[in-house]
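Take a walk through the model below.

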Amino acid sequence: MNGWSRRNFVKTTAAAGLVLPAAPALAANTAYAAEPRPRSASGSRSDDDPLGIRGQFPVTEELAYLNTASTGPLPHPVREALVAYADEKMTYRDPGSRRRAVDRARSRFASLFGADEAEIAFLFNTSDGENVVANGIDWRRGDNVVIDELHFTTAFVVYRELEKREGVELRIIPSREGRAHPEDYDAYTDDRTRLISVAWVSNRNGFRHDLPTLAEIAHARGGYLFADGIQAFGTFPTNLHAEGVDFACGNGYKWLHADFGCSVLYARREHHDWMQPDRFGHAQVAETLPEHQYRLRTDARKFEHGSLALGPVAAMDAALGFIGEVGLERIAEHTHALAGELREGAADLGMQLFTPPANPSPIVSFYHGMDSDELGDALNAVGVRFTYQEGGRLLRTAVAMFNNRDDVDRLLGVIAARV
């Protein structure tokens with residue numbers, strides 16, 4: 001369960017489509033109080049709305065939504081794109097719009113994240129990307145793959161199965177003080193290391209890897225680097241070529257504010273010749289030849305074996321356009337600073353931080369040391385949304401482009417009243 005509490009998830013979502021009342025303000029005498037801040041008359045580009053986009057996210061009208069690391073809410077432009085897709089499919093007035101959205105989304109992602117369009121494939125989820133890479137390597141018994149314990153669950157499942165099937169050794173690096181250190185990766189790799197796989201930004205505590213350093217380590221041993229980018233794409237500006245990563249994949253439903261069903265796989269051009277798909281279908285055909293023979297695509301689109309989920313692709317297209325207008329630099333500047341304030345506030349209240357200091361990501365996790373159900377009830381009552389991990393001991397927050405200091409203060413105020 002990705003919510004704050006299984007018990008309260010059932011209680012608060014029993015009625016489908018339930019609209020919660022607006023969250024009440026914290027009491028004036030709460031133990032944690034922020035200093036008053038000036039508000040602009042328009043409510044835009046002020047402390048209330050630093051990026052001028054809160055109005056595009058209706059979730060902000062009722063909730064202090066600090067849970068984008070679980071699921072990012074839709075902004076108006078993405079909802080409108082989904083409605084337009086459904087309307088077109090209902091009326092069939094412009095079926096060509098579906099292919100145009102695919103091409104535009106591919107172009108937008110490549111432009112935003114420093115890749116070539118030929119290096120981009122659309123899959124259905126991030127786990128697809130990890131499987132495509134794991135199954136595309138010609139493993140030999142005795143080879144190894146190196147990951148760290150801050151990785152997402154899929155990686156452990158994929159490579160444990162690879163151990164059974166191919167006799168490959170999985171090496172897992174322990175984290176230290178909320179980090180997976182490059183020197184540990186250097187120590188755990190050798191000339192039989194075929195792959196280093198990391199969660200670029202950890203879903204557990206937001207720790208962000210230095211990909212160029214890891215790429216150097218992997219390439220020095222003749223291996224490759226894969227990055228699970230689902231908690232990274234949309235949270236800071238980057239250039240995939242400059243990062244040195246060989247493969248990266250991330251779904252659109254978190255920080256890109258798109259929808260489930262469309263993930264983006266980046267496969268560096270130099271690997272297209274040797275890397276083979278792990279499944280095949282009609283969408284890979286580049287040319288039909290006589291006698292039911294085919295010439296297949298040779299760029300990253302060869303991993304798109306069948307029909308795409310065109311609704312989610314339309315959402316991805318709109319989301320990438322929206323993020324491009326807001327600007328990744330502005331998003332990172334705002335969210336990383338606000339996450340830093342949240343981290344400092346939690347530390348001041350005596351919380352045990354799991355997120356390391358000076359960490360350039362919008363995720364902050366800490367051990368609260370309280371009764372998780374009681375704390376969850378209190379946060380739910382004031383409209384704070386977050387995620388519990390480790391059986392409720394670890395509280396994970398996520399600061400998105402639409403969040404402001406009032407959202408952070410609402411969370412800290414509830415905690416302050418209980419310490």
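This is a predicted model: local features need pLDDT of at least 70, side-chain atom pairs count only at pLDDT 80 or more; totals for chains, interfaces and linings use all residues.

Strand 14 pairs with strand 15, residues 394-398, over 3 bridges in the antiparallel sense. Within this pairing, Q389 stands opposite L394 of strand 15.

F354 sits in the loop between strand 11 and strand 12, while Y367 sits in strand 12. Their rings form a tilted pair, 5.9 Å centre to centre with 50° between the planes. The pair ties together parts that are 13 residues apart in sequence. Are these two residues buried or exposed? F354 is buried, because its relative accessible area of 11% is under 20%. Y367 also counts as buried, at 17% relative accessibility.

F386 and Y388 make the other pair. Their ring centres are 4.9 Å apart and their planes stand at 80°, so the pair is edge-to-face. Both F386 and Y388 are buried.

The aromatic count for the structure comes to 14 pairs. One aromatic cluster is formed by F109, F113, W200, F233 and F236. R194 lies over the face of W139, at 6.0 Å from the ring centre.

Now the salt bridges. The structure holds 26 of them. Which parts of the chain does the E390 and R204 pair link? E390 is in the loop between strand 14 and strand 15. R204 is in the loop between strand 5 (193-199) and helix 7 (211-220). The two residues are 186 residues apart, so this is a link between distant parts of the chain. Their side chains meet at 2.9 Å, N to O. E390 is partly exposed, with a relative accessible area of 29%. R204 is partly exposed too, at 22%.

Another salt bridge joins the side chains of R104 and D317, at 2.7 Å from N to O. R104 lies in helix 3 (residues 96-113) and D317 in helix 9 (residues 310-326), so the pair ties together parts that are 213 residues apart in sequence. D317, at 5% relative accessibility, counts as buried. R108 joins in as well: R104, R108 and D317 are linked in a network of salt bridges.

The last stop is D116 and R269. Their closest N and O atoms are 3.2 Å apart in a salt bridge. D116 lies in the loop between helix 3 and strand 2 (120-123). R269 lies in the loop between strand 8 (263-267) and strand 9 (285-289). The pair therefore ties together parts that are 153 residues apart in sequence. D116 is partly exposed, with a relative accessible area of 28%. R269 is partly exposed, with a relative accessible area of 44%.

Technical notes. Residues are numbered from 1 along each chain as its sequence is written. Side-chain values use heavy atoms; hydrogens and water are left out. Two strands pair if DSSP finds at least two bridges between them. Helices (H or I, at least four residues) and strands (E, at least two) are DSSP runs, numbered from the N terminus. A salt bridge is a side-chain nitrogen of Lys or Arg within 4 Å of a carboxyl oxygen of Asp or Glu. Buried means under 20% relative accessible area, exposed over 50%, partly exposed in between (1.4 Å probe, protein chains only). Rings of Phe, Tyr and Trp (its six-membered ring) pair if their centres lie within 6.5 Å; planes under 30 degrees apart count as stacked, over 60 as edge-to-face and the rest as tilted. A charge sits over a ring if NZ of Lys or CZ of Arg is within 6 Å of the ring centre and within 35 degrees of the ring normal.
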